[in-house]
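Okay, thanks for making time, everyone.

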Amino acid sequence: MSCSALIVGAGPAGLSAAEILSAAGWKVTVIEALESPARKFLRAGVGGLNLTHSQPLEDFLNAYAGHRERLEPFLRRFGPQELTAWAEDLGIRLFTGSSGKIFPEGMAAGPLLKAWLDRLAAAGVQLETGTRWVGWGPGLSLEVEQDGGRKVLQADAVILALGGPTWPALGTGGSWVPLLEEKGLAFSPWQPANVGFTVNWSDFFSQKFAGQPLKDTRLLGRRGELMVTPWGLEGGLLYAAGAVLRQQLSHGNTGTTQISLDLVPGREQGRIEAELSRPRQGRSLSTLLQKTLGLTGVKVGLLREVLKPGSPDEPTRVAALLKALPLTLTGTRPLSEAISAAGGVLWTELTHGLELNKIPGVWCAGEMLDWEAPTGGYLLTACFSLGRAAGESVLYWEKHKELS
Ligand SMILES: Cc1cc2nc3c(=O)[nH]c(=O)nc-3n(C[C@H](O)[C@H](O)[C@H](O)COP(=O)(O)OP(=O)(O)OC[C@H]3O[C@@H](n4cnc5c(N)ncnc54)[C@H](O)[C@@H]3O)c2cc1C
């Protein structure tokens with residue numbers, strides 16, 4: 001008789017686990033609280049589904065920074081190359097953007113998800129949407145809510161792939177946490193990752209420049225783009241520095257931290273100063289910045305925001321500010337707006353095979369675990385990888401359980 005698995009959560013991690021187990025002949029049921037599967041994955045495709053990254057594996061692994069050590073064994077088994085091959089095997093054509101990021105042709109997640117769900121259904125995976133895990137039943141069973149009623153589902157193995165607390169409309173907002181706390185599991189507190197930071201702009205600056213990109217800017221040694229918003233700044237440059245900035249915010253007494261933006265990364269400070277020291281011939285600072293450095297719009301506005309009206313704009317000061325413009329970050333935007341979450345189930349709660357030490361027979365995978373990564377395809381790659389690893393670990397356990 002074949003073994004049965006109950007997987008909770010139909011995101012990339014849960015569906016990856018389902019794929020491994022169904023391929024091994026297991027009877028697999030995936031339950032999903034929402035009315036349709038993989039809502040966050042589909043939403044990720046709205047701005048362009050960045051599935052993974054084409055950089056060398058060593059660089060790819062380094063993007064996980066302090067979480068590399070935990071994730072590396074999984075990503076070496078199923079990493080960017082394997083994910084790319086997997087998507088192509090599903091019939092999805094991929095392309096690599098100029099930044100090295102890998103996307104499906106057409107950028108959306110829908111065609112990939114449809115092909116994947118069709119393949120899972122053909123392999124016998126049963127997907128029950130509108131079915132929410134709400135409690136523990138006797139033994140290794142889960143109590144679920146479905147169609148307004150409750151029932152208990154039983155299986156030989158349970159995999160939890162519940163996602164994080166961000167974008168609550170696309171998941172359950174981390175409402176599952178008490179169910180694991182009840183069993184004594186410890187968590188690292190959730191924090192927003194890949195999220196905007198707040199800055200107290202003047203009304204003038206915010207009204208005039210919100211929605212405009214700060215192109216070619218350097219922050220903490222990286223060059224890229226930021227977006228001005230009514231409440232502050234967001235974008236890839238800040239996301240990459242997010243963990244460091246969050247730490248600085250929490251360590252100070254003021255609840256704020258200062259960043260320094262290089263608005264002209266291709267230019268040397270001395271040369272800028274020399275250019276700005278030439279006779280002005282009645283030209284305003286803005287005109288001079290445009291003529292000598294090609295600076296216009298939002299970058300000049302940002303300089304003016306820091307210079308403040310009436311303050312002296314001598315060349316030395318302006319050149320220094322352009323190379324290191326100080327801005328005070330007053331906090332992050334909330335978890336509900338973050339692309340991903342840091343924090344989650346502590347790794348010390350898990351075996352190397354992702355089984356919970358305190359609840360044998362239950363495995364965990366995906367964003368619900370305590371790791372984070374910047375945007376760039378690192379999030380999805382790790383979720384696929386962890387989901388597959390949980391599935392493989394269940395197979396290993398099944399094969400060896402008589403020996404233990
Ligand atoms: C706007 C946005 C854009 C993004 N873009 C990208 C991108 O381009 N590239 C990238 O790498 N990553 C991106 N991400 C992140 C990526 O989508 C997530 O990291 C990934 O979906 C997490 O996968 P998961 O399977 O762990 O969790 P999820 O995808 O969150 O799936 C978990 C599932 O579990 C279900 N669930 C939770 N609790 C219960 C319960 N009690 N009972 C039943 N079901 C339950 C949820 O409803 C959910 O469907 C983006 C995220 C957002 C919000």
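Let's start with this open sheet: three strands in the order E7-E8-E9, paired in the antiparallel sense. A quick word on what you're looking at: this is a predicted model, where local features need pLDDT of at least 70, side-chain atom pairs count only at pLDDT 80 or more, and totals for chains, interfaces and linings use all residues. Residues are numbered from 1 along each chain, as its sequence is written. The names are DSSP runs numbered from the N terminus, with helices (H or I) of at least four residues and strands (E) of at least two. And strands pair if DSSP finds at least two bridges between them.

For angles, axes are lines fitted to C-alpha atoms, for helices over the stretch in contact, and the angles run from 0 to 180 degrees between N-to-C directions.

How many bridges join E7 to E8? Five, and the two strands run antiparallel. Gly135 sits opposite Glu143 in E8. The two strands make a hairpin with four residues between them, and Gly139 in the turn has a positive phi of about 60 degrees.

Moving along, strand E8 (residues 141-146) pairs with E9 over six bridges, again in the antiparallel sense. Ser141 has Gln154 in E9 as its bridge partner, and Glu145 stands opposite Arg150 in E9. The hairpin of E8 and E9 has two residues between the strands, and Asp147 there takes a positive phi near 50 degrees.

There's another open sheet, with three strands in the order E3-E5-E4 and antiparallel pairing. Here strand E3 (52-53) and strand E4 (94-96) are the edges, each with a single partner strand, so one side of each has no neighbour in the sheet. E3 pairs with strand E5 (residues 101-104) over two bridges, and His53 stands opposite Lys101 in E5.

Now the helices. Helix H1 (residues 12-23) and helix H14 (residues 378-400) have axes that come within 7 Å and cross at roughly 35 degrees. On the H1 side, the contact includes Pro12, Ile20 and Leu21, and on the H14 side the residues include Phe384, Arg388 and Glu392. "In contact" means that C-beta atoms, placed from the backbone, lie within 7 Å. By class, the residues of this contact are twelve nonpolar, four polar and two charged. Nonpolar covers Ala, Val, Leu, Ile, Met, Phe, Trp, Tyr, Cys and Pro; charged is Asp, Glu, Lys and Arg; the others, Gly among them, count as polar.

Last, the overall layout. The chain splits into domain 1 (4-192 + 340-403) and domain 2 (197-332), with bounds from an automatic or database domain assignment. Their centres, taken over C-alpha atoms, are 39 Å apart. Seven residues of domain 1 are in contact with six of domain 2. The domain 1 side of that contact has four nonpolar residues, two polar and one charged.

Key
Two residues are in contact if their C-beta atoms, placed from the backbone, lie within 7 Å.
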